[in-house]
Amino acid sequence: MRAADESRFALGVASGQPSATSIVLWTRLTGAELPLQVPVRWELARDEAFTDIAARGTEAALEADAHSVHAEPSALEPGRWYWYRFEALGQRSRVGRTRTAPAPEAREGLRFALASCQRYDHGHYAAWRHVASAELDLVLFVGDYIYEYASPPTALRRHDGVSVSTLPQYRARYAQYKSDASLQAAHAALPWLMVWDDHEVDNDYAALQGQALQPDFRAQRGAAYRAYWEHMPFPKSLKPAGADMRIYGRTDWGALACIHALDDRQYRDAQACPREGRGGANTVRLRDCPELVDPKRSLLGPAQERWLAGGWDLQRPWNLVAQQTLMARFMWNSADPTFWTDGWDGYAASRQRLLDTVAQRKVPGVVVLGGDVHAHYVADLKVDFDDEKAPVVATEFCGTSIASRGAAQERVTEAMRHNPHIQYGRSDRRGYVSCRLDAQSLHASLLAVDDATRPDSAVQVAARFVVDARQPGARPA
Ligand SMILES: [Fe+2]
């Protein structure tokens, strides 16, 4: 194929990080023989036909940034939909649709999809096709956008190449994931607010420690963060220098909600009681591993813990916490409790500090939103999980994976008996959570893909829950 015939926009378009007056628009040029620097024109319009242009500009797509483009229109109107497109090398991209957050005083509602864990070699993205056509304002993506592994020969659709650890390898892996038409459609339909989890870098990594205790892990993390920034709609100001990138932050949604997006990977203490000669997760008995409850250990790191504790919104009815994993305590058995060390159970004092603050300050409408464990969970968050009568201080929805396989349902069903604060647990379905909220209540639909091996599978509502803004805890709806 001659370069002129190749699509220059084969990875689609995306938008993200919406505020009331700004949005980040993304694309990455593709194809052979790209110059070192390519001018890319972008347009943002108030209508789909682009007759009413709100902003336009030109960005240089540099080879040093994998020819990615991060355009940042500002001074936009709050609470309205826009359409955008790019043009370069004689070609035009598809059109993307996006929106700004409402004005600070606006009473508008919010509809969003909570999604995570899209392991490409485990399944197709029927869930994303469903998101793209749903009536929503936003996607909250809470991690595992790519998986770093090589694929077994039996995989449904194989990852290209070996397990990734260098910048060119991470770039190629993002490009492979972003070649999926359903994922592209979900990006083109809605703005995304995003955080990462571990697989964007290395399974179970903790700060600067890789799972295999790699000696050069700082360089690997730097390459992974760089590739993440290059492929996501984050502003230019967040481009990582070295191995650091601050992704935690707050997004206000009018007078309705404050969304606190957390990073539980970059600043955490290493997992407690690892296996001999390894980093990463383990499943351990509490009596063998008192470090699990060591008050000095933190999942967020001291600076982010202080930032969160000092920034709860006491005015708006909802505080939505977008973070990586299940926050509720989860015991596989109760006679001799064992815990998985990679999640909040491995950092129990860190969770206790967070929930104690919520209880003491009576923070309104705290809803914790997570992923990572490849199961739909609905839970009551309490300052004392051992006391069935302890008040519920926050609500949790953990969304199942878009495609990554989960634990056996029989094990989850059995474990539910030991965790009475967890109302619902389904690990055998792929999908996402659709949430709709106003000042009074939040309605959540847990969506399940019929057959994740088919890109055209139907998607059904598996369960519905409702949360009252003044009364933490979900009720079946
Ligand atoms: Fe995952």
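Hi everyone. Let me start with a term: a crossing of two helices is called right-handed if the near helix is turned clockwise from the far one by less than a right angle. Keep that in mind as we look at this structure, which is a predicted model.

So, which hand does the crossing of α2 and α4 have? The crossing of these two is right-handed. Helix α2 covers residues 167-177 and helix α4 covers residues 217-231; they pack at about 35 degrees, and their axes are 9 Å apart. On the α2 side, you'll find Leu167, Tyr170, Arg171 and Tyr174. Their partners in α4 include Ala223, Ala224, Ala227 and Tyr228, and also Arg226 and Glu230. By class, that contact has 7 nonpolar, 2 polar and 3 charged residues.

Now to the pockets. The largest pocket has a volume of about 650 Å³. There are 32 residues in its lining, and nearest its centre lie Trp332, Trp340, Asp372, Val373 and His374. If we sort that lining by class, we get 13 nonpolar, 10 polar and 9 charged residues.

The second largest pocket comes in at about 350 Å³. Here 29 residues form the lining, with Gln17, Pro18, Ser19, Arg250 and Thr251 closest to the centre. Which strand gives the largest share of this lining? That is β12, with 4 residues. Strands β11 (192-194), β12 (249-253) and β13 (257-261) each supply at least two lining residues. By class, the lining of this second pocket has 17 nonpolar, 7 polar and 5 charged residues.

Key:
Residues are numbered from 1 along each chain as its sequence is written. This is a predicted model: local features need pLDDT of at least 70, side-chain atom pairs count only at pLDDT 80 or more; totals for chains, interfaces and linings use all residues. Side-chain values use heavy atoms; hydrogens and water are left out. On a 1 Å grid over the protein atoms alone, a cavity is a set of points where a 1.4 Å probe fits but cannot get out, and a pocket is an open set with protein on both sides within 12 Å along at least five of seven lines; lining residues have an atom within 4 Å of a point. Grid points are joined across faces, edges and corners, and a volume is the space filled by probe spheres set on the points. Ala, Val, Leu, Ile, Met, Phe, Trp, Tyr, Cys and Pro count as nonpolar, Asp, Glu, Lys and Arg as charged, and the others, Gly among them, as polar. Axes are lines fitted to C-alpha atoms, for helices over the stretch in contact, and angles run from 0 to 180 degrees between N-to-C directions. Contact means heavy atoms within 4.5 Å.
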